[in-house]
Amino acid sequence: MRRLFMLFLLVSMVLPLSGCGYHTAGAATHLPASVRTVAVPVFENRTQSFHTEFAFTQAVIRELNTRTKYQVLNTDGPADATLKGTILSQTASPLTYDSTSGQTSSYLVTITARVVLTGSDGKVLYQNDALAYREQYQSTQDLSGFIQEDGPAVRRMARDFAQTLVSNVLESF
């Protein structure tokens, strides 16, 4: 009985030292310590969609400024690391239809992007060639009060994209 108690005591003392794997945001960054500035030039847009690249670039810059200690430059100038993004595709597909009018009542916007973070020496620090994001939005049936909803859907997607991208860069996923 005494051995069992000693074993229990030993395990209860060692177990808290092992940790649970959780850490504060940004504490597990796998970027080199020499990275202090990150350049984020405007994303390239290979689609026919208007201003998507600006929404995604602004969201990434905002997220980097909010969640990291890096100085973020909105240019392709000299920096310790450069994050380049490309909007590869953007589609809006009908999702649901109004049964009485037969018109589309909601759409699904899908955007696929590629991002590459390189160090000043040209070494790739992070790369993802196919980040896909989807967002649904309702279409307006009343044309007198028509509000184009795809822009807000793209901005919501850009925010989610930026949050995931910065997490992935910091945690090396």
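A residue is called buried when its relative accessible area is under 20%, exposed when over 50%, and partly exposed in between, using a 1.4 Å probe and protein chains only. The model is predicted, so that local features need pLDDT of at least 70 and side-chain atom pairs count only at pLDDT 80 or more, while totals for chains, interfaces and linings use all residues. Residues are numbered from 1 along each chain as its sequence is written, and side-chain values use heavy atoms, with hydrogens and water left out.

**Chain**
- The chain has three helices and six strands, where helices (H or I, at least four residues) and strands (E, at least two) are DSSP runs numbered from the N terminus; read from that end, the order is α-β-β-α-β-β-β-β-α.
- Of the chain's 173 residues, 33% count as buried, and carbon and sulfur atoms account for 56% of an accessible surface of about 10,900 Å², computed by the Shrake-Rupley method with a 1.4 Å probe.
- Among contacts (heavy atoms within 4.5 Å) between residues at least 6 apart in sequence, 66% join residues at least 24 apart.

**His51**
- His51 lies in the loop between β2 (44–45) and α2, and its relative accessible area of 39% makes it partly exposed.
- The phi of His51 is near 70 degrees, which is a positive value in a residue other than glycine; most residues other than glycine have a negative phi.

**Helix α2**
- Helix α2, residues 52–67, has 16 residues and reaches 23 Å from first to last C-alpha, close to the 22 Å expected, that expected span being 1.5 Å times one less than the number of residues.
- The buried residues of α2 include Thr52, Ala55, Phe56, Ala59, Val60 and Glu63.
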